[in-house]
Amino acid sequence: QVQLVESGGGLVQAGGSLRLSCAASGRTFSGYAMGWFRQAPGKEREFVGGISWSGIITYILDSVKGRFTISRDNAKNTVYLQMNSLKPEDTAVYYCAAKATATMPYNDWGQGTQVTVSS
């Protein structure tokens, strides 16, 4: 199990940028695949993107392609979500999650960080 703590959320105007960070502790972070999810009020949780243990981006949600990117620094036990050209519809609580293998479901979750994009 890994413990995850997100940071970097906040209020930003449309067109702005934010970088979310997810710091991990516990088991060996470098072996885990990581993902970012989001949940807007009244909507289901949505998978934003995933990154393998080696840094390969395995998935990016169509609606954020070209605007969001995921990266990780295994030396710092941190995964990032860089969000550019933000839109009001990106407003949500963003969560990072971890899984020990590519075929497992995500089973370790952070507490989430709020991102609010004003128009």
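I70 has its place in strand 7, in a model that is predicted. Because its relative accessibility is 4%, I70 counts as buried, given that a residue is called buried when its relative accessible area is under 20%.

What does I70 touch, once residues up to four places away in sequence are set aside? The contacts of I70 are W36, G49, G50, I51, I57, Y59, I60, V79, Y80 and L81.

## Strand 8 and its two partners

Strand 8 covers residues 78-83, and five of its six residues are buried, so this strand is largely enclosed by the rest of the structure.

Which way do strand 7 and strand 8 run relative to each other, parallel or antiparallel? Strand 7, made of residues 68-73, runs antiparallel to strand 8, and six bridges join the two. Within this pairing, D73 is the residue that stands opposite T78 in strand 8.

Strand 3, which spans residues 18-26, is also joined to strand 8 by six bridges, and these two strands again run antiparallel. Here L20 stands opposite L81 of strand 8, and L81 is also one of the residues that I70 touches.

## The hairpin between strand 7 and strand 8

Strand 7 and strand 8 form a hairpin with four residues between the strands. N77 is found in this loop, and its phi is positive, at about 55 degrees, although N77 is not a glycine.

Is N77 buried, partly exposed or exposed? With a relative accessible area of 29%, N77 is partly exposed, because that class lies between the limit for buried residues, under 20%, and the limit for exposed residues, over 50%.

The phi of S85 is near 50 degrees, which is a positive value in a residue other than glycine. S85 has a relative accessible area of 41% and is therefore partly exposed.

Notes. Residues numbered from 1 in each chain as written. Predicted model: local features only at pLDDT ≥ 70, side-chain atom pairs only at ≥ 80, totals over all residues. Heavy atoms only, no water. Buried < 20%, exposed > 50% of the residue type's maximum accessible area, 1.4 Å probe, protein only. Pairing = 2+ DSSP bridges. Contact = heavy atoms within 4.5 Å.
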